[in-house]
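Hello,

Here is the structure I promised to pass on.

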Amino acid sequence: MNLQTHMAVNRITDQIWEIPAAEKPGMLVPARIYATEKILTSMDSGVFEQITNVACLPGIRRYALCMPDGHWGYGFPIGGGAAFDRDTGVISPGGVGYDVNCGMRLIRTDLTLADVAPRLELLMTELFRRVPAGVGSRGFVRANRHEFDEVMRKGARWCIERGYGWHHDLERIEEQGGIPGADPSKISDYAVERGIHQLGTLGSGNHYLEVQVAADDRIFDRPAAAALGITGRDQIVVMVHCGSRGFGHQVASDYLTVFEKAMRRHGITVKDQQLACAPFRSQEGQDYFSAMNCAANSAFANRQVITHQIREVFSAVFGTSAESLGMEIVYDVAHNIAKVERYPEGELVVHRKGSTRAFGPGRPELPEIYRRTGQPVICGGSMETGSYVLVGTDRAMQETFGSTMHGSGRTMSRAQAKRSVRGEQLQQQMARRGIIVKAVSMSGLAEEAGFAYKNISDVVEAVDLAGITKKVAELRPIGNIKG
Amino acid sequence: MAATFRFLEDIALADSAFEARGSTPSELFRAAAQAVIVTMVAPETVAPRLTKSILRQDRSLQNLLFDWLADIVYLKDAEGLVFRDVTCTVGQNHAGGDWQLDGTLTGEPIDPARHELRADVKAITKHRYEARQDYGGWIATVVMDI
């Protein structure tokens, strides 16, 4: 097997690979990669280097984990996960990512492709108009500093109190859309100034809003799909991928600087400056945790405002209320976050960086509607290939601290993608295949071409075979908005 | 050596990286700023309608460059500005003293109708970040989170 590493990578099962702790000085636990052999051989060298760096962090438990969508990231690889002892372990912005609570939201409808196809152009035009995207975009919500503090504390609840959503939306959002313990006093003015105008904006890069179809023949688990409100029969759903925008990035940048100094004080050394960390119980660790929760809550609020705009647009285009169109949130998941969760070892600080929580059936954190099925997991593919809905499993709880993949994972640089196709050309090609794309930046569009990503079906197959998530439905894009 | 930059493909697959060079620190800072600017917008589509003055000082030239580039990202988000031109003077009052930056960014508020917008730079990162004196002048490597 030809891998991008000289380290030993041992097969545990056909979907689990282990780098022993002896492979790098300082590793405290082995590193485990979830992947098929095909995916493993395509992984870049950064994955192996970075996941073994993570395995060196103080207080890590069991394994440093990487999912099949893993690729090089800052500090942790994207697709990385690790759990640290709450009392003796660390917290690291490099294990959360710059875009705190970057995540996915899926909204169902009662509409079918036959209903939407004749009005798809108008629908996408209106969505593009009402959901700002691209460089420096600003949302319609005007919040002063006091109100933005409330956004940080309350997250999606703040939006619903102002009429941007339905009360029962909250139960369909991870952490009910608001993580306790968010403390705005731990946030710099600089971060607030970057984020205060951005509520309800998509951003750019790989963020998007997508109108998708759930076809009957792409439902893999019909009872689970029904529980999630996915009926098949060419049902229309809407997927949103975005996070905490400039605000979350500034929080991460601010605390990386704080942690560089904190590490010296706490006598911690790391293999990579981007793994800067502090003991979770330290003042710096607690300050970052509070600040990160502020950013996470702002991301929940961001996706909630976008949801409000989506419902308004559908209502206007189809001439009836969003309620009568059945536009319920299926679920909203964070895939860049650190959280305190209980496992047999006790309370652990679980970092997921490009990795989704995938709690199995019965977990008390899940809303009643999903207690039997397990937590919905929403995984976005490239804008050309489609996306998936899965559900969490008991096995994920046992093996991966309730974590799984988040998307397809890039395999090609942005520059190479732009050399391979022009944005306008890609837009026309996709239109011929029945996918309407509205993009602020044509070069940005080219960077996100489907061939720049792994095949998401291969990635989903890997986690499904490993049993850490079970696939429920594949969703095919028909309309996409990009920054 | 003039102020130049080139994008690097083998550092950050999902993001964007560049190497900037200049024969002086001032040229290095100008080249690096231009790299950040052109990542976000085609500068020729931006009109020179306003200027933002940035004065900073730091013991470390490397930290000073980092903050200067982060300022461009901040102004894009907080004030909704993109830029066309950059001028800057970087130097020390005396050998071993603090580095001082006197920079000016010229541009205007973002207008998607007129500006050719590109990628939204969300952070200047510390990954493989360095700014140092090289044999032929000054050089920096910067990875931007997109």
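Start with the contact between the chains. It takes 26 residues from chain B and 35 residues from chain A. On the chain B side, helix α2 (residues 61-78) gives the most, with four residues. The chain B residues that touch chain A divide into 14 nonpolar, eight charged and four polar. Keep in mind that this is a predicted model.

Next, the sheet in chain B. Three strands form an open sheet, in the order β3-β5-β4. The pairing is antiparallel. Strands β3 (50-58) and β4 (81-92) of chain B are the edges, and each pairs on one side only. From one strand to the next, the twist averages 15°.

Look at the β4(B) and β5(B) pair in particular. β5(B) covers residues 99-109, and the two strands pair over eleven bridges. As a landmark, find Val82(B): it stands opposite Glu108(B) in β5(B).

Two helices lie across these strands. Helix α1 (residues 25-40) of chain B lies across β4 and β5 of chain B, and runs at about 165° to β4(B). α2(B) lies across β3, β4 and β5 of chain B. Its angle to β3(B) is about 150°.

Last, one helix in chain A. Which residues of helix α15 (residues 456-466) of chain A are buried? They are Ile456(A), Val459(A), Val460(A), Ala462(A), Val463(A), Asp464(A) and Ala466(A). Just after α15(A) comes Gly467(A), with a positive phi of about 85°.

Best wishes

Conventions:
Residues are numbered from 1 along each chain as its sequence is written. Chains are lettered from A and ligands numbered from 1 in the order in which they are written. This is a predicted model: local features need pLDDT of at least 70, side-chain atom pairs count only at pLDDT 80 or more; totals for chains, interfaces and linings use all residues. Two residues are in contact if their C-beta atoms, placed from the backbone, lie within 7 Å. Ala, Val, Leu, Ile, Met, Phe, Trp, Tyr, Cys and Pro count as nonpolar, Asp, Glu, Lys and Arg as charged, and the others, Gly among them, as polar. A residue is buried if 20 or more other C-beta atoms lie within 10 Å of its own, exposed if 12 or fewer, and partly exposed in between; C-beta atoms are placed from the backbone. Two strands pair if DSSP finds at least two bridges between them. Axes are lines fitted to C-alpha atoms, for helices over the stretch in contact, and angles run from 0 to 180 degrees between N-to-C directions.
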